[in-house]
Amino acid sequence: MTGARNAMVLDAAVAAVAAARSVTVLCHVQPDADTIGSGLALALALERKGVPVAVSFAEPAELPASLRTLPGGHLLVAPADVPLEVDLLVVVDCGARSRLGALADRLPGAATTLVIDHHRANDGFGTVDLIDESAASTTELVTRLLDAWGIPIDADIAHCLFAGLVTDTGSFRWARTGSHAMAERLLATGIDGAEITRVLLDTHPFSWLPMLSKVLSTAVVIPSAAGVGLVYALVRAADTHDVGPEEVESVIDVVRTTAEAGIAAVFKEARGQNDRWTVSLRSRDSAPGAADGVDVAAIAGLFGGGGHRFAAGYTTYGNAVDVVQALVTELG
Ligand SMILES: [Mn+2]
């Protein structure tokens, strides 16, 4: 996106939020800190402007425990309570309509739709598309919007924005130019960055440890796969009854540390539907044999999924052996 085009889109986004008399903000299914942080930061700004606003996500029914610590939770509503018609619908951190789940049916009822996102595959399904894949987090784009709109960033809004930044950069492991400057600015509002990070990224119930033990015992490494090596593990539905989605999602962060593999995959079996799997993929940016790393968003795309160059995912169906074999075959 060119600078001039960027500025025009930002102006259009500001015009959309400034003119709105009612707003719905939709986050993606299985919400993470970037989508909820983006949604609540924007909603807090709208609330301060006196604009009626509701934030929602289609599933699961409950917000993961760690995300309940974000300010602005009083603006969250159940999917059934999301109005069918609204002046402005804002979609945050969703690379595709399908990431809205059942709430995608609210898109036609909005006079204006604003899409704010940093996923490369996003084809722009809004009236206004504030999409920039160079942003480290969607909260970075929300920060740009609030700045252009002239909204002061107080500690509550900063907390939400920091939550998306610190999680999407993996505690600044994948920080980009500007990430640290944004963090510095948010921390200057007085928020406790260390505590926010600990709650979001470094805290699990004890039941996580036995779950991890079972899952890691399934790990397999194929050093020759795709020329860079693949490591994978299986999360069986039966092993996840005592833990929340955050514990399941964190498995990939252990598996991806394998030195012998440039690509990591975790196959997560759906509860109550044992032939359905969601697959997380990670790529190292300097894997042996691939100086720039393997583009896992492209691999996920082959299975109907998507994401970012170094972090992506897809949904697939079959027994454990077949879903693993399909990925191994594709990687070659
Ligand atoms: Mn994100």
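1. Manganese donors in sequence. In this predicted model, the donor residues of the manganese ion follow the spacing D-x58-D-x24-H-x49-D. The protein donors are Asp34 (OD), Asp93 (OD), His118 (NE2) and Asp168 (OD). They lie 2.1 to 2.3 Å from the ion.

2. Reach of the site. Asp34 sits in helix 2 and Asp168 in helix 4 (residues 155–168).

3. Asp168 has a relative accessible area of 23%, so it is partly exposed.

4. Main core. The largest nonpolar core has 57 residues. Leu114, Ile116 and Leu146 have the most contacts inside it. Helix 2 (residues 33–48) supplies the largest share of this core, 9 residues. Apart from it lies another core, of 24 residues, including Val228, Tyr232, Val324 and Leu331.

5. Leu114 in detail. Beyond its neighbours within four places in sequence, Leu114 is in contact with Ala13, Val17, Leu88, Leu89, Val90, Val91, Val128, Leu130 and Leu145.

6. Helix 1 against helix 3. The axes of helix 1 (residues 3–19) and helix 3 (residues 138–149) come within 9 Å and cross at roughly 70°. Helix 1 is therefore roughly perpendicular to helix 3. On the helix 1 side, the contact uses Asn6, Leu10, Ala13, Val14, Val17 and Ala18. Helix 3 brings Arg144, Leu145, Ala148 and Trp149. By class, the contact has 8 nonpolar, 1 polar and 1 charged residues.

Terms used:
Residues are numbered from 1 along each chain as its sequence is written. This is a predicted model: local features need pLDDT of at least 70, side-chain atom pairs count only at pLDDT 80 or more; totals for chains, interfaces and linings use all residues. Side-chain values use heavy atoms; hydrogens and water are left out. Axes are lines fitted to C-alpha atoms, for helices over the stretch in contact, and angles run from 0 to 180 degrees between N-to-C directions. Helices (H or I, at least four residues) and strands (E, at least two) are DSSP runs, numbered from the N terminus. Angles under 35 degrees count as roughly parallel, over 145 as roughly antiparallel, 65 to 115 as roughly perpendicular and the rest as oblique. Contact means heavy atoms within 4.5 Å. Ala, Val, Leu, Ile, Met, Phe, Trp, Tyr, Cys and Pro count as nonpolar, Asp, Glu, Lys and Arg as charged, and the others, Gly among them, as polar. A nonpolar core is a set of buried Ala, Val, Leu, Ile, Met, Phe, Trp, Tyr and Cys residues joined through side-chain atoms within 4.5 Å. Buried means under 20% relative accessible area, exposed over 50%, partly exposed in between (1.4 Å probe, protein chains only). Donors are N, O and S atoms within 2.8 Å of the metal (3.2 Å for Na, K and Ca); water is not among the atoms, so sites may look incomplete.
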